[in-house]
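Trainee: Hi! Could you walk me through this protein chain? I'd like to start with the overall picture and then look at some side chains.
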Amino acid sequence: MSNAQLPLRTASITRKTNETDIQVTLTLDSDPTSSSQNIQVSTGIGFLDHMYHALAKHGGMSLQMTCKGDLWIDDHHTADMFQGIAIALGTAFKQAMGEIRGIRRYGTGFAPLDEALSRAVVDISSRPFCVTDLGLKREKIGELSTEMIPHILHSFAIAAGITMHVDVLRGENDHHRAESAFKALALAIRQAIERTGGTE
């Protein structure tokens, strides 16, 4: 069976609490060069939208994500919402993957953005683990607290059931460092989930 004949890997997740309403639909098999890729992200934080858009675009995925929550209350509520979004995305990823077979499993991605360079390595293993070394120095990028970015990546990895190492190798601008990290991760995931046609 060719990849074109295989079923689409897709999943939708809803996470509702008293403070948040998160909706995520993720499709793993979308061609970034064609009109079949559909990305619509609205988290309430522009820079976070930008990061998730980059993750989907360069990962060859379609993503529809909306979040309504109490961003204005305090940092604790905001942190819970950001982690909730990452958990919902990771859960959708795990459900869309289904049985872990017939894929490359391992993926590596390098992504430069001007002076910044990042590396990501993933293993679609059902053994969740996450190590990040982003070296971010600013308190915020736009309205996103930089200390939340490693937590977002960790929450995604654990919910997705993947081993994930993301390192920023160099860079002076924190926006560039963070964005190159998400793009490197996207490339690694795209490689790891590629269908091989095998049974293992």
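Mentor: Happy to! Let's begin with a definition: the radius of gyration is taken over C-alpha atoms, and the globule rule is 2.2 Å times the number of residues to the power 0.38. Keep in mind that this is a predicted model.

Trainee: Okay, so what radius of gyration does the chain have, and what would a compact globule have?
Mentor: A compact globule with 200 residues would come out near 16 Å, and the chain has 16 Å, so the two agree. Along the principal axes, the C-alpha atoms fill a box of roughly 50 × 40 × 35 Å.

Trainee: How many helices and strands are there?
Mentor: The chain has four helices and ten strands. Reading from the N terminus, their order is β-β-β-α-β-α-β-β-β-β-β-α-β-α.

Trainee: And what share of the residues is buried?
Mentor: Of the 200 residues, 49% count as buried. As for the surface, the accessible area is about 9,800 Å², and 49% of that belongs to carbon and sulfur atoms.

Trainee: What about contacts along the sequence?
Mentor: Take the contacts between residues at least 6 apart in sequence: 74% of them join residues at least 24 apart.

Trainee: Switching to charges: how many positive and negative ones are there?
Mentor: There are 19 positive and 23 negative charges, and their mean positions are 7 Å apart.

Trainee: How many salt bridges does the structure hold?
Mentor: Eight salt bridges. One of them joins the side chains of Asp123 and Arg105, at 2.6 Å from N to O. Asp123 belongs to strand E6 (residues 116–123) while Arg105 sits in the loop between H2 and E5, so this pair ties together parts 18 residues apart in sequence.

Trainee: What about a pair within a helix?
Mentor: Look at Glu179 and Lys183, where the salt bridge is 2.9 Å, N to O. These residues are four apart in helix H4 (residues 174–192), so about one helical turn separates them. Both Glu179 and Lys183 are buried.

Trainee: Which residues are linked in a network of salt bridges?
Mentor: Arg9, Asp29 and Arg195 are.

Trainee: Which residues does Arg104 touch?
Mentor: Leaving out residues up to four places away in sequence, Arg104 touches Gln191, Ala192, Glu194 and Thr196.

Trainee: And how far apart are Arg104 and Glu19?
Mentor: They are 85 residues apart in sequence, and their C-alpha atoms are 39 Å apart in space.

Key
Residues are numbered from 1 along each chain as its sequence is written. This is a predicted model: local features need pLDDT of at least 70, side-chain atom pairs count only at pLDDT 80 or more; totals for chains, interfaces and linings use all residues. Side-chain values use heavy atoms; hydrogens and water are left out. Helices (H or I, at least four residues) and strands (E, at least two) are DSSP runs, numbered from the N terminus. Buried means under 20% relative accessible area, exposed over 50%, partly exposed in between (1.4 Å probe, protein chains only). Contact means heavy atoms within 4.5 Å. Accessible areas come from the Shrake-Rupley method with a 1.4 Å probe; for residues, only the protein chains shown count as cover. Lys and Arg count as positive and Asp and Glu as negative; His and the chain ends are not counted. The place of a charge is taken as NZ of Lys, CZ of Arg, CG of Asp or CD of Glu. A salt bridge is a side-chain nitrogen of Lys or Arg within 4 Å of a carboxyl oxygen of Asp or Glu.
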